[in-house]
Amino acid sequence: MSKRHVRPYGDTTGDGMVQTSFTLPVPFGPRADGAAQQLANRMGIDPAMVVHSHPIGADFTFFVVYGSVRHVVDLDEVRVVEREYPLLSPAEVNAALKKALRRKLVVVGGCIGTDAHTVGIDAILNVKGFAGEKGLEYYRELRVVNLGAQVSVPELVRRARAEKADAVLVSQVVTQRDAHVINTREMSAAFREAMGARRPLLVAGGPRFDPLMADELAVDRVFGRGTTPGEVASYLVHAVRSQRKEKV
């Protein structure tokens with residue numbers, strides 16, 4: 001039987017030991033270390049040890065703090081998005097799409113806004129793939145259009161309509177001032193305005209996205225860090241099947 005209440009583990013079970021890092025706008029030195037320790041104490045880390053500090057320019061200091069927290073995690077209160085569909089092999093994805101659509105499923109993807117980080121979207125779309133899995137270009141029943149980096153929202157909508165996209169995948173890595181949230185909301189609003197209920201599936205992904213944010217962002221699915229091409233392909237099959245059931 002699994003435990004309901006747990007604490008962090010460091011040297012011994014349940015000792016509450018954690019390690020965290022942060023930067024303060026304080027010049028490097030003893031005063032900066034004291035400020036970091038004070039912040040850690042107010043975060044609930046007590047005792048807190050500043051195990052590393054390093055100047056960043058003249059007026060900032062980076063810290064690594066180690067210590068024990070008193071907090072307990074209640075696993076019954078944890079909220080996550082559980083995968084509600086099976087993971088399929090490429091052959092199973094191809095067979096399912098061929099049966100459901102009798103044509104190739106069209107996927108348009110890219111990085112929107114000023115985001116130029118294409119590693120994530122390329123890992124999902126390009127044939128070389130990620131984590132030992134081939135990307136969506138490898139799937140026989142998928143037609144992939146990778147628009148690359150810094151794609152404007154109007155251009156994404158235009159290309160999705162021109163390609164008759166079934167799904168649009170957007171990747172966002174830059175998170176300063178919630179750019180990833182703002183850009184994704186702008187994208188979903190643009191598709192709703194331009195295409196209404198006939199819009200394609202909208203999927204957002206990136207290392208700072210929380211899968212629980214789908215409703216907040218008005219998209220169909222959000223994928224976080226570590227997502228593999230097979231997970232995305234399996235979701236697309238699940239979504240296509242769900243759409244067809246709704247139309248029956």
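Glu-216 counts as partly exposed, with 43% relative accessibility, where partly exposed lies between buried (under 20% relative accessible area) and exposed (over 50%), using a 1.4 Å probe and protein chains only. Glu-216 forms a salt bridge with Arg-185, and their closest N and O atoms are 3.0 Å apart; a salt bridge here is a side-chain nitrogen of Lys or Arg within 4 Å of a carboxyl oxygen of Asp or Glu. This is a predicted model, in which local features need pLDDT of at least 70 and side-chain atom pairs count only at pLDDT 80 or more, while totals for chains, interfaces and linings use all residues. Residues are numbered from 1 along each chain as its sequence is written, and side-chain values use heavy atoms, with hydrogens and water left out.

**Arg-185 and Glu-216**
- Arg-185 lies in helix 5 (residues 179-195) and Glu-216 in helix 6 (residues 214-217), so the pair ties together parts that are 31 residues apart in sequence; helices (H or I, at least four residues) and strands (E, at least two) are DSSP runs, numbered from the N terminus.
- Arg-185 is partly exposed, at a relative accessible area of 39%.

**Asp-220 and Arg-199**
- Asp-220 forms a salt bridge with Arg-199, with the closest N and O atoms 2.8 Å apart.
- Asp-220 is partly exposed at 29% relative accessibility, and Arg-199 is partly exposed at 22%.

**Glu-163 and Arg-143**
- Glu-163 forms a salt bridge with Arg-143, the closest N and O atoms lying 3.0 Å apart.
- Glu-163 is buried, at a relative accessible area of 18%, whereas Arg-143 is partly exposed at 34%.

**The whole structure**
- A search of the whole structure finds 10 salt bridges.
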